[in-house]
Amino acid sequence: MNLVRAELLKIRTTNTWWIFGLIALPLWALTLLVNWASSSALLGMDPNEPGLDADQAEQTRVAAEAVNVATNLYTSGQFFGVLVVLLLAAIVVTNEFFHQTATTTFLVTPRREAVVLAKLAASVVLGLIFWLVTTLLNLALVPLILNALDVGVQLGEPAVWRAIGLNALAYALWAVLGVGAGVLIRSQIGATITLSTVYVIGFLGAATVFALLTPRIGDWFGNLQVLVPPLASQLMIAGTELPGNPPRWVGAVVLIGYALLAGGLGTWITKKRDIT
Amino acid sequence: MTAGSEEIVVSHLTKHYKKLRAVDNLSFTVHSGRVTGFLGPNGAGKTTTLRMMLGLVQPTAGTATFGGVRYADLDRPIRHVGAVLEASSAHKGRSGINHLRVICSAAGLPRQAADEALARVGLTPAAKRKFKGYSLGMKQRLGIAAALLGDPRVLILDEPANGLDPEGIRWMRDLLKALAAEGRTVLVSSHLLGEMQQLADDVVIIAAGQLIRQGPVDEVLGSMTGLSQVRVRTPQPAELAAALSEQQATVAALPDGALTVTGLDAAQVGHAAFKAGVELHELTGERADLEQVFLQLTAGKAGIR
């Protein structure tokens, strides 16, 4: 517990967390506006419009269900929110090497696995704070948007609350991924650039590749896109099962798998490595 | 810990990198109540040795113990051993006092230990200033404050005089001597030999990863009689030179008329003069200093490996 408190104190006593928070806020506002616009477009769409094949028509119909429009809006900000948490969690580790504080840290606590666990715990707390703030903002603003869309606030739907809860899990798991990534890429700048590039480009690139290749190779290939971490975390927070997609729990399992791998590998490497 | 149990025992410590034996079967003992200087040319393996002793670098072989216990096995180690390894080891955007509070928090020490340690090194006025605004000397002081947080019985410092001005060096010398006088074990690595001669009671000299010599400073200096000189003044220099040359001593004339004799100590020179019936006006033994001894001992072993 002392160690987790110390890690949280480390975060609190530098500027990084609130600078990242300031970056996250406009990004959250942007995604909320985009989701508003796309919900409005979706609700205005006619599933029986010519030009859509049967699958696409079905997907459009389900996505336009009130509960799915609502969950999408109530979890606004996840795409960039988890990216910010990922970077902050990586910096929790890379800071120690960038500022050469790793020496002091491991002198105070020679059991290095305890240090990594404390960093994981502190980063998860940080991730949940980001989740909490965006969720409270969403709960305040989204009912207004839903009313404007004539959908109703939907807060009586268990699916909405489940999505909000799974969104918290997503923030926590991305924090774990960040700590693991920070151990693997010790350079502060290297980690920040690599992770944000891989996250954004990887997401767009994977989405494009799957969109292009799935019709040629088959639906089973399309289901593999759940292996791409940002797609997995988006799948987790869908309101209901979406046709043409793997079930939600698969998204959670994939993300937990990555988190365990990153956390475990990070701990193991930290234990072996010489601190010079 | 009981008194006298804070000895540091380094035993067959070895670190091999791919092609380099950075530290090679190194054994030495550091006693409590004394300041021990840890000397060696650049690249001799001093820092690697200190880092292995503290569990930061995994030794290829060998152990280091503090009162019989390895660092990693100590219960709350910073209460036993305080270490200052790098001057710049704090987050640049964090204030000095917060740097210490983080350590207190992780080690389960009370918060006011941070304020006390900061006061002890004279940094209280800069407590809330960010680390990047500290001078090199202030950074060294903060590092020492961090090492003193747990009131440890053993202190290990790697080049603590780096970047200190003359007043800072004197402050450091007084502090380390005072800590040793309280019965603590103090191990200081340095390449400032003049400073070490004033500070250290014992020395451990290594080169190329191997132990060259260890022991009390006086003993190490005294063992190098080949380097000590005797200054002698006489109205009969030719007779004295002849008498001394018979004993394989080397005699050189100084511009002021005095002679320097190498190879004999003052008593031997005085005895030779007495037997030869030569009148002496001055007879001074000039012992080799640590720098001469160090250079002699590490000759040919220094440099890039």
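1. Contact here means heavy atoms within 4.5 Å. By that criterion, and not counting residues up to four places away in sequence, Thr49(B) touches Leu13(B), Val23(B), Leu26(B), Phe28(B), Phe38(B) and Ile206(B). Thr49(B) belongs to helix α1 (residues 46-53) of chain B; helices (H or I, at least four residues) and strands (E, at least two) are DSSP runs, numbered from the N terminus. At 0% relative accessibility, Thr49(B) counts as buried, where buried means under 20% relative accessible area, exposed over 50%, and partly exposed in between (1.4 Å probe, protein chains only).

2. The model is predicted, with local features needing pLDDT of at least 70 and side-chain atom pairs counting only at pLDDT 80 or more, while totals for chains, interfaces and linings use all residues. Residues are numbered from 1 along each chain as its sequence is written, chains are lettered from A and ligands numbered from 1 in the order in which they are written, and side-chain values use heavy atoms, with hydrogens and water left out.

3. Chain B overall. The chain holds ten helices and 14 strands. Its C-alpha trace spans about 75 × 45 × 40 Å along the principal axes. Of the 305 residues of chain B, 51% count as buried. Taking contacts in chain B between residues at least 6 apart in sequence, 71% join residues at least 24 apart.

4. Domains of chain B. The assignment gives domain 1 (8-216) and domain 2 (229-286); such bounds come from an automatic or database domain assignment. The centres of domain 1 of chain B and domain 2 of chain B, taken over C-alpha atoms, are separated by 45 Å.

5. Met53(B). This residue also lies in helix α1 of chain B, and its relative accessibility of 1% makes it buried. Leaving aside neighbours within four places in sequence, Met53(B) is in contact with Ile8(B), Val10(B), Leu13(B), Phe28(B), Ala64(B), Phe66(B), Tyr71(B), Ile156(B) and Leu187(B). Leu13(B) and Phe28(B) are among the contacts of Met53(B), and both are also touched by Thr49(B). The C-alpha atoms of Met53(B) and Leu283(B), 230 residues apart along the chain, are separated by 46 Å.

6. Extent of the interface. The size of an interface is often given as the accessible area lost when the parts come together. Chain B and chain A bury about 2,400 Å² between them, 57% of it on carbon and sulfur atoms; buried area is the accessible area (1.4 Å probe) that two parts lose on being put together, summed over both. Leu56(B), His91(B) and Arg94(B) supply 23% of the area that chain B buries against chain A, more than any other three residues. The contact draws 31 residues from chain B and 25 residues from chain A.

7. The side chains of Asp274(A) and Lys15(B) meet in a salt bridge, at 2.9 Å from N to O.

8. Composition of the chain B side. Helix α2 (residues 96-107) of chain B gives the largest share of the side that touches chain A, seven residues. The residues on this side divide into 15 nonpolar, nine polar and seven charged. Ala, Val, Leu, Ile, Met, Phe, Trp, Tyr, Cys and Pro count as nonpolar, Asp, Glu, Lys and Arg as charged, and the others, Gly among them, as polar.

9. Thr31(A) is placed in helix α2 (residues 16-43) of chain A and is buried, with a relative accessible area of 13%. Val250(A) lies in helix α12 (residues 248-272) of chain A and counts as buried at 18% relative accessibility. The C-alpha atoms of Val250(A) and Met236(A), 14 residues apart along the chain, are separated by 7.9 Å.

10. Backbone points to check. Gln100(A) has a positive phi of about 55° although it is not a glycine. Gln100(A) lies in the loop between α5 (78-98) and α6 (102-108) of chain A, and at 33% relative accessibility it counts as partly exposed. In chain B, phi of Asp151(B) is near 50°, a positive value in a residue other than glycine. Asp151(B) is found in the loop between α4 (136-148) and β7 (154-158) of chain B.

Key
Salt bridge = Lys/Arg side-chain N within 4 Å of Asp/Glu carboxyl O.
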